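Visitor: I've never looked at this structure before. Could you walk me through how to read it?

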Amino acid sequence: MQVRSEVIQQPAGVPAGIVFTGCGLAAAARPQSAARKPGKTKPKAAGGRREVKVGGRRVKTIDVHAHCVIPAAMKLLGLRMEDQRGPGMGEVGARRIREMDEQGIDIEALSINPQWYKAERDVVTQVIRIQNETLAEYCATYPDRFVAFASLALQYPDLAVEQLVHGVKQLGLRGAAIGGSVAGVEFSDPRFHPVWAKAEELGVLLFIHPQSTPQLESRFKGNGWLANTIGNPLDTTIALSHLIFEGTLDRFPRLKICSAHGGGFLPSYAPRSDNCLRVAPEMDTGIKLKKKPTEYLRQMYYDTLVFTNEALRHLAAEVGSDRLVIGTDHPIPWQSGSVDHILKAPGFTDKEKIAMLGGTAAKLLGIKS
């Protein structure tokens, strides 16, 4: 069963052409039983917004992982709205903000999953212009609730550099959202070095959101939505491993990278990376890293889209709690309780919780905390 993303009538003054939808393409809608039930919303402050406090102090919460699509851009790519995964309807304006208020999210950083890495140059130029300008306009309409990541045509690195500069300097976007590879080419490939160099120069964040692992498509068939359940974190794991082992993070040590879904599987089995070339030295290609592979994990950032207290504790132990930021995947209900996940997690100090809830993301995205 597929779901049609229905565009709701927008209030006057709200830019047209933005629909909020989640990760995954041509997939079934969530069951009706999974929809939010009456009476299950969180406590809210007067005026409708839930205020989040830690140790009696009001905290500004920032979600770095929230999805939308731009119908006009999708049309250019030959994609259909009804093939976009969502909770049953697109959301704009008041509805989107109401759901953020219920979750206790003050600001969302909007991103669009890259579906254009195989598009021709003239088409993708139009697609990126439409997306970046529409996102900038939307954020300007709600400046205290939204920021956004630029889209980049990474298959044309020279064009991507131009788009990044324009998006950041002219449109006020806070970085760029990228996939896990570019039509099968790893981010560690030297052709992308100019893009990473410019991102490093600008000091902006790159948000990695995977696009499954298409090379394994045949093995993902069957029950369990494996293309997403396994494919997405695996895609991130491969992408980050190449950036580490191919020396990309040594070449660009100030590059700011944040990965969705807690960095995929890599932080959960990171020490294996420190031992691989010891066990199989013949696999060493001669690239000499400046530090152990696991040490690079602590120079990147990760969202908190993991599902248990133990998973959050372990992620923090491997990468550092100061490297974690909220990720809800809104509007897909992977983790609509992201704020409470952090607030109720044992073993973290108030200072650490404040950083995870919004302090770290504010610094990365240039938001006044």
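Guide: Let's go through the sheet, a helix on it, and a few backbone details. This is a predicted model, in which local features need pLDDT of at least 70, side-chain atom pairs count only at pLDDT 80 or more, and totals for chains, interfaces and linings use all residues. Residues are numbered from 1 along each chain as its sequence is written, and side-chain values use heavy atoms, with hydrogens and water left out.

Visitor: In what order do the strands of the open sheet come?

Guide: Strands of a sheet pair through backbone hydrogen bonds, either parallel or antiparallel. Here 3 strands line up as 3-4-5, with parallel pairing. Strand 3 (62-67) and strand 5 (146-148) are the edges: each has a single partner strand, so one side of each has no neighbour in the sheet. From one strand to the next, the twist averages 30°. Strands and helices are DSSP runs numbered from the N terminus (strands: E, at least two residues; helices: H or I, at least four). Two strands pair if DSSP finds at least two bridges between them.

Visitor: How many bridges join strand 3 and strand 4?

Guide: Strand 3 and strand 4 (residues 107-111) are joined by 4 bridges.

Visitor: Which strands does helix 13 touch?

Guide: Helix 13 packs on the sheet and touches strand 3, strand 4 and strand 5, at about 70° to the direction of strand 3. Contact means heavy atoms within 4.5 Å. Angles run from 0 to 180 degrees between N-to-C directions, with axes fitted to C-alpha atoms, for helices over the stretch in contact.

Visitor: Which residue other than glycine has a positive phi near 50°?

Guide: That's Ala183, in the loop between strand 6 (175-178) and helix 5 (193-202). His261 also has a positive phi, of about 55°.

Visitor: Is His261 buried or exposed?

Guide: Buried means under 20% relative accessible area, exposed over 50%, partly exposed in between (1.4 Å probe, protein chains only). His261 counts as buried at 14%, while Ala183 is partly exposed at 48%.
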